[in-house]
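Take a look at the model below.

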Amino acid sequence: MAQESERVMDYLTEVELLAENVIVDKQQIINLDGKRNRNREALRALQNSSNQSDQEQLDEEICNLCNQLKVKVNRLNEAQGKPEIRGFNLTPLTYEEMQAVTKILKKSEQFKTSA
């Protein structure tokens, strides 16, 4: 009986730590995103006359945290016996990919109107 109680406590401790890591990362993303937005506003006010390396660094940090958060959420769900969240690992289209999609859609529209 003591071993079972110990396993339950170990399990609950692990889940709590994983959940805490997820919450900490989410809060850090919120804080950095707020800072990024304030920087964006300041940069716009200065009409792009200042160095934008801070903005690029914030973008990179937020991207890294988001990627780490996905792994942590999956680990938390796994520890809780929940299935992996579908579509959670999607990434947005790049500018070039979006241009290619737009080009295909325009060709499709031209084909429809000529037929």
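Lys72 and Asp25 form a salt bridge, with the closest N and O atoms 2.8 Å apart. A salt bridge here is a side-chain nitrogen of Lys or Arg within 4 Å of a carboxyl oxygen of Asp or Glu. This pair links distant parts of the chain: Lys72 sits in helix H2 and Asp25 in helix H1, 47 residues apart. Helices are DSSP runs (H or I, at least four residues), numbered from the N terminus.

This is a predicted model: local features need pLDDT of at least 70, side-chain atom pairs count only at pLDDT 80 or more, and totals for chains, interfaces and linings use all residues. Residues are numbered from 1 along each chain as its sequence is written, and side-chain values use heavy atoms, leaving out hydrogens and water.

Asp25 counts as buried because its relative accessibility is 6%. Lys72, at 24%, counts as partly exposed. Buried means under 20% relative accessible area, exposed over 50%, and partly exposed in between (1.4 Å probe, protein chains only).

The structure holds 3 salt bridges. Asp33 pairs with Arg36 at 2.5 Å between the closest N and O atoms. Both lie in helix H1, 3 residues apart, about one turn of the helix. Arg36 also meets Asp59 in a salt bridge (3.0 Å, N to O). That pair links helix H1 to helix H2, 23 residues apart. Shared partners join Asp33, Arg36 and Asp59 into one network. Arg36 is buried, with a relative accessible area of 16%, whereas Asp59 is partly exposed at 32%.

Now helix H3 (residues 95–114). H3 is hardly covered: the count of buried residues among its 20 residues is 0.

Methods
Helices (H or I, at least four residues) and strands (E, at least two) are DSSP runs, numbered from the N terminus.
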